[in-house]
Amino acid sequence: MSALIIFFSLLQYHFISSVCGAPLAPALYVFGDSLVDSGNNNILPTVSKANFEPYGVDFAKGDTGRFSNGRLVPDFIAEFLGLPYPPPCVSFRISTPVTGLNYGSASCGILPETGQDLGQCLSLDNQIDLFQRTVESSLPNHFKGPNELMDYLSKSILVVGTGSNDYMSNTSKQYTPQEFAQLLLDKLSLNFQRLYNLGARKVVMFEIGPIGCTPSMTRTKQHNGKCVEESNQLVAYFNDNLLGMLQNLASTLPNSIFVRGRAYWLAYDAIMNPSKYGLVDTSNPCCETWANGTSACIPKLKPCPNPDQHFFFDGYHLTESAYSVLASHCIGDRSVCSPTLKELVEM
């Protein structure tokens, strides 16, 4: 299915949900790292922040803390569902919205120790702790009883994007690549069981992307071709076994649906065949970054004039255009997400 057909189909669904006034799901909850963080790290003591231009130059609300020039995957999914963008959870102290929250935190990962060298961030454990607080302390005020709350949670969509930082920051020789992948998958499985026990039933987990193709890798490591395939192979051990882990959970946890989003395959295809996705440059960052294009954007410097043609916005993160490709394909292309999000909201 072409990206253009998927885009117009997405517009049609968004139009229907807007006209009818009813969202396609009651809420969207988001977990993960800087690929989904919408501003939680802004108030945390960490160097891993994006609350300054040129981040957000194409986003309606400006530099909110998103590590991109514009919208992220959860933002596009929220638009499709007919929901507001899930706000960062740390910004809500009094009244919690019933349309969802974003718990994502840049530099963190699946393992509790990941990213702590850059300052404080919310590990996946921390994020689920906050979700538990939301479910047990905040949400009950909005529902007549536990059955109504459980029905709401069972129909809500949870999106998870994490794991790349565990690989980027792992310098330990304690594990073989296969053992490290299994360590992450085992920990992630326990995390998903926690979410299920709190009421979640529909979970979309995206693969780890091709980290060996990021400018931070290609500009610092010796390699042949467009990407550092040695680094890509490391995350392949995780990605290749992700579907099996999710299928195992779905078979043992009644009424649960765990969807694998094939982010690695789609991103790698876009990097190798940019014109297929309306892109031109899939090697260089759009913004001026520290350390010769391998790090974060330098504050206040103007980015490239054509971010819609770039895959990477800085040394690690993607442009709005790249995120749009991933979101639209997960919404309507079964080769990327099966079931698709269109199908998931009907289940």
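**Helices and strands**

Guide: Let us begin with a pair of helices: H8 (residues 229-252) and H9 (residues 263-272) pack at an angle of about 155°, with their axes 12 Å apart. Axes are lines fitted to C-alpha atoms, for helices over the stretch in contact, and angles run from 0 to 180 degrees between N-to-C directions. Helices (H or I, at least four residues) and strands (E, at least two) are DSSP runs, numbered from the N terminus. This is a predicted model, where local features need pLDDT of at least 70 and side-chain atom pairs count only at pLDDT 80 or more, while totals for chains, interfaces and linings use all residues. Residues are numbered from 1 along each chain as its sequence is written, and side-chain values use heavy atoms, leaving out hydrogens and water.

Visitor: How are H8 and H9 oriented to each other, roughly parallel or roughly antiparallel?
Guide: Angles under 35 degrees count as roughly parallel, over 145 as roughly antiparallel, 65 to 115 as roughly perpendicular and the rest as oblique. H8 and H9 are therefore roughly antiparallel. Their contact (heavy atoms within 4.5 Å) involves Glu229, Asn232, Val235 and Asn239 of H8, together with Tyr264, Tyr268 and Met272 of H9.

Visitor: Which residues of helix H4 are buried?
Guide: Buried means under 20% relative accessible area, with a 1.4 Å probe and protein chains only. In H4 (residues 146-155), those residues are Leu149, Tyr152 and Leu153. They fall within an arc of 95° seen down the axis, so they line one face of the helix; the arc is that of the directions from the helix axis to the C-beta atoms. An α-helix has 3.6 residues a turn, so residues three or four places apart point the same way. Strand S1 (28-32) and helix H3 (124-138) are among what covers the buried residues of H4.

Visitor: Which strands pair with S3?
Guide: Two strands pair if DSSP finds at least two bridges between them. S3 (residues 202-206) pairs with S4 in the parallel sense over five bridges, and with S2 (residues 157-161), also in the parallel sense, over four bridges. Lysine 202 has isoleucine 257 as its bridge partner in S4, and isoleucine 157 stands opposite lysine 202.

Visitor: Why is S3 described as largely enclosed?
Guide: Five of its five residues are buried, so S3 is largely enclosed by the rest of the structure. Lys202, Val204 and Phe206 lie on one side, and Val203 and Met205 on the other.

Technical notes: Buried means under 20% relative accessible area, exposed over 50%, partly exposed in between (1.4 Å probe, protein chains only).
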